[in-house]
Amino acid sequence: MDITLLKRAASVLIMITVLSGCETTNLEAVPAQLGKASSMEQLRASLTRPGTIEFTKHLSANWEINLSGLLNLEHPKAIKAGLEDRSEPIEIYLYSLSHPTRGNYLVDSGVSEKLLPGSTESDLSYLVKMGMGTDAIKVNSTTKSIASKLEEGVKGVFLTHIHIDHILGVSDLPKDTPVYIGPGDAGLTNVTNAMVQDSTDRLLSNAGILREWQFKSGDEEEASVIDIFGDGSVWAIHAPGHTPGTTAYLINSTDGPQLLTGDASHTRWGWEHQVEPGTFSENPQQSVISLNMLEQLVKEFPQIKVHLGHQSLGG
Ligand SMILES: [Zn+2]
């Protein structure tokens with residue numbers, strides 16, 4: 001076969017791979033042993049008891065990204081407000097939870113030392129750096145520095161979902177730190193993954209395997225939830241749409257209940273106007289349902305403090 005034919009065959013093969021898409025990651029996903037499926041009724045009951053978790057929100061980095069990805073600009077409310085696509089400042093968070101007997105856990109992973117200026121190591125491919133503009137990420141506090149202040153280390157990481165900007169800190173944690181994810185995120189096949197899969201694999205490699213929350217799909221009216229420690233202190237709430245496994249967390253902290261929405265709502269404007277995320281999301285209809293469900297919970301229990309995916313609410 002001549003060289004031109006070989007090149008043509010190779011580019012056809014690449015095209016086929018890109019068009020048919022790739023899974024999010026090659027890492028194995030197994031059912032999580034931690035947590036048990038419960039009910040919204042039990043979650044609501046837990047909100048009436050004093051919280052036991054020491055909760056801290058950390059600003060790990062600042063970044064900016066297209067507003068059209070974060071917010072559905074075609075929503076009538078966004079049109080009415082005259083919102084147009086622009087580069088929107090966002091923040092990358094990490095939350096630490098200290099349970100009185102079960103140790104320290106993180107929600108999402110912040111950013112690692114590899115994102116510091118001058119670092120010679122990177123888990124991100126050239127394509128991801130160029131395509132997502134990750135060189136613009138400005139580190140405020142690395143995951144290593146945050147984790148080093150937690151006595152007895154980190155027992156595990158609860159991810160809101162598998163997207164690059166939520167897994168940038170996993171490599172700062174010890175090897176085999178358990179990482180928990182929502183169902184369907186690891187195996188999701190789409191075209192974007194053809195570009196980001198190798199970077200995702202490297203970023204998550206410290207986890208070894210991924211542990212999937214075992215939500216039970218029950219009653220259609222109510223969200224599926226998991227009581228993570230079996231004592232009503234920390235809850236995983238299935239909030240699909242942005243990704244199939246997107247998971248919000250409700251923490252009954254010593255400072256009152258805290259809701260971490262993950263990217264079920266990225267922006268302050270989106271939460272305040274009840275407008276769902278934009279083009280970065282997999283399933284817009286599901287995003288609307290999940291956002292509504294979280295907003296309803298907070299209306300019912302206004303003492304809940306809300307922490308959005310990438311911006312903070314004032315006050
Ligand atoms: Zn995301």
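The model is predicted.

| Strands | Residues | Sense | Bridges |
|---|---|---|---|
| Strand 4 and strand 5 | 54–66 and 87–99 | antiparallel | twelve |
| Strand 5 and strand 6 | strand 6: 103–107 | antiparallel | five |

Look at single residues next. Leu 59 stands opposite Tyr 93 in strand 5. Further on, Ser 98 faces Asn 104, a residue of strand 6. Three residues lie between strand 5 and strand 6, and the two strands form a hairpin.

**The nonpolar cores**

The largest nonpolar core has 60 residues. Five of them touch the most other members: Val 179, Trp 235, Ala 236, Ile 237 and Tyr 249. Strand 5 gives the most to this core, with six residues. Another core lies apart from it and holds five residues, including Leu 67, Leu 70, Ala 78 and Val 275.

Which residues does Val 179 contact, leaving aside neighbours within four places in sequence? Val 179 is in contact with Val 157, Leu 159, Val 170, Leu 204, Ala 207, Leu 210 and Arg 211.

**Helix 7**

Helix 7 covers residues 191–204. Its 14 residues, at 1.5 Å a residue, should span 20 Å.

Definitions and conventions:
Residues numbered from 1 in each chain as written. Predicted model: local features only at pLDDT ≥ 70, side-chain atom pairs only at ≥ 80, totals over all residues. Pairing = 2+ DSSP bridges. Helix = DSSP H or I, 4+ residues; strand = E, 2+ residues; numbered from the N terminus. Core = buried A, V, L, I, M, F, W, Y, C linked by C-beta atoms within 7 Å. Buried ≥ 20, exposed ≤ 12 C-beta atoms within 10 Å, placed from the backbone. Contact = placed C-beta atoms within 7 Å. Expected span 1.5 Å × (residues − 1).
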